[in-house]
Amino acid sequence: MPSANPLLTAMAAPPVALAARWRAAYDGRNGPLVDLSQAVPGHAPAPELLARFAAEGATAAAARYGLILGDPALRDAYGAEVARLYGAGITAANVAITAGCNQAFFAAIIAVARAGDAVVLPTPWYFNHKMTLDMLGIEARPLPLSAETGFIPSADALEQVLDDRVKAVVLVTPNNPTGAIYPPETIAAIHALCRRRDLWLILDETYRDFLPAGNPRPHALFADGGWGENVVSLYSFSKSYAIPGHRLGAMLAGPSMLPQIEKVVDSMQICAPRPAQATIAPAIESLAEWRAGMAGEIAERAEVFREVMATLPDWRLEQIGAYFAFIRHPYEGRDARSVAEHLARDLGIITLPGSFFGEGQEQHLRIAFANVDVAAIGRFGERLAADDWPAAG
């Protein structure tokens, strides 16, 4: 019997799939499940979007192939949105539309590195980024971060892990899994280092629309006319428009990179879903107020989560941001996976263990609070407060 690709067989199952199995083990003894495992919006799409999806999905045009880099209307609309947000000269010529942000990342990595190269991932990292590098035979070079520095990377620390094999640096801000928001000056310093060392900077801005009020511009990289020489920016429509099942993402890149991205996307999926592209293009402008309202609701949930954590003296909230919290559990001697399994099986709380996000995270759990309501966050706190699971040994 032939064997599967050893790069794949050496990898663990997708973390969210494991969490789904833990969910099935809960017998309901404490009431309804509180699922804090996956970064999905806890609200439905706007009614306007639902109507448009139904209409666009029924057209003959939507059933045909589209342009590889995306339909012109959405490329134009997204380019204009980013230009407005950053005060920069971004146009449709800088935009590629993808089948979700994970595809955008996969395409970007193939475009900048090959097997045997290395790409720097700050740790804790987003597990799908690590999985992508592993299956491509590219080293995931860790840049360890800590709660003491707010899980914020620095250019000085980054320089210490670079060598000639490193081809790119990945930053996720606002961050998954910690929620940390990288200051603009930090992003600028790391970009300057990447430019000096002739490295690509891949900036994953999936959660950009959920930045706190008064912090509208995440960075100033696009003000530099030469940004496209070494920057690729990634984005997801899933969270802001509550449409993860429709698989729609985007990337911004320079004129030398987009033709390479086009080759990758054509070999993977040919084009992003057409009904989703046609639906979202006009919604970028028309639903701006609705998106801001949803972001405000999630910010309120973050504040409630802070308040709940303050009532749990044995637990520590080490970072919280746009969509996630990274917390330290009190079960000494217990690894993160066993803690997550206990919370799921015995308390009906579904979380992801810190160990899914890299080495050195056994004391942590990732909490995706954006996909539950305030009442569920309250139940989360009540169940942790009543838990009497002993420490190991």
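Okay, let's start at one spot: Asp-198 sits in the loop between H8 and E6. Those labels are DSSP runs numbered from the N terminus, where a helix (H or I) needs at least four residues and a strand (E) at least two. Asp-198 has a phi near 60°, a positive value in a residue other than glycine. Its relative accessible area is 71%, so Asp-198 is exposed. For that word, the cut-offs are: buried is under 20% relative accessible area, exposed is over 50%, and partly exposed is in between, with a 1.4 Å probe and protein chains only.

Quick note on where this comes from. The model is predicted, so local features need a pLDDT of at least 70 and side-chain atom pairs count only at pLDDT 80 or more, while totals for chains, interfaces and linings use all residues. Residues are numbered from 1 along each chain as its sequence is written, and side-chain values use heavy atoms, with hydrogens and water left out.

Now the whole chain. How many helices and strands are there in the chain? There are 14 helices and 13 strands. The C-alpha trace spans about 60 × 55 × 50 Å along its principal axes. A compact globule with 393 residues would have a radius of gyration near 21 Å, and the chain has 21 Å, so the two agree. That radius is taken over C-alpha atoms, and the globule rule is 2.2 Å times the number of residues to the power 0.38. Of the 393 residues, 55% count as buried.

What about contacts, meaning heavy atoms within 4.5 Å? Take those between residues at least 6 apart in sequence: 76% of them join residues at least 24 apart.

Let's go back to our loop and look at its neighbourhood. Arg-197 is also in the loop between H8 and strand E6. Arg-197 makes a salt bridge with Glu-159, and their closest N and O atoms are 3.8 Å apart. A salt bridge here is a side-chain nitrogen of Lys or Arg within 4 Å of a carboxyl oxygen of Asp or Glu. Glu-159 forms another salt bridge with Arg-196, where the closest N and O atoms are 3.9 Å apart. That pair links distant parts of the chain, with Glu-159 in helix H7 (residues 155-160) and Arg-196 in helix H8 (residues 184-196), 37 residues apart.

Are these residues buried or exposed? Arg-196 has 57% relative accessibility, so it counts as exposed. Glu-159 is partly exposed because its relative accessible area is 31%, and Arg-197 counts as partly exposed because its relative accessibility is 32%.

A search of the whole structure finds 21 salt bridges. One of them joins Glu-139 and Arg-141, with the closest N and O atoms 2.6 Å apart. Here Glu-139 is partly exposed because it has 26% relative accessibility, whereas Arg-141, at 10%, counts as buried. There's also a network of salt bridges linking Asp-27, Arg-29, Arg-345 and Asp-346.

Next, a strand. Ala-168 lies in strand E5 (residues 166-172). With 0% relative accessibility, Ala-168 counts as buried. What is Ala-168 in contact with, leaving aside neighbours within four places in sequence? Its partners include Val-112, Val-119, Leu-199 and Trp-200.

Pro-174 is in the loop between E5 and H8. Another cis bond runs from Thr-123 to Pro-124, with omega near 10°, and Pro-124 lies in the loop between strand E3 (118-123) and helix H6 (127-135).

Ala-242 lies in the loop between helix H9 (237-241) and strand E8 (249-252). But Ala-242 has 8% relative accessibility, so it counts as buried.

Last stop: Gln-363, in the loop between strand E12 (352-353) and strand E13 (364-367). Gln-363 is buried because its relative accessible area is 16%. Beyond its neighbours within four places in sequence, Gln-363 is in contact with residues including Ile-327, His-329 and Tyr-331. From Gln-363 to Tyr-65 is 47 Å, C-alpha to C-alpha, and 298 residues in sequence.

Terms used: Contact means heavy atoms within 4.5 Å.
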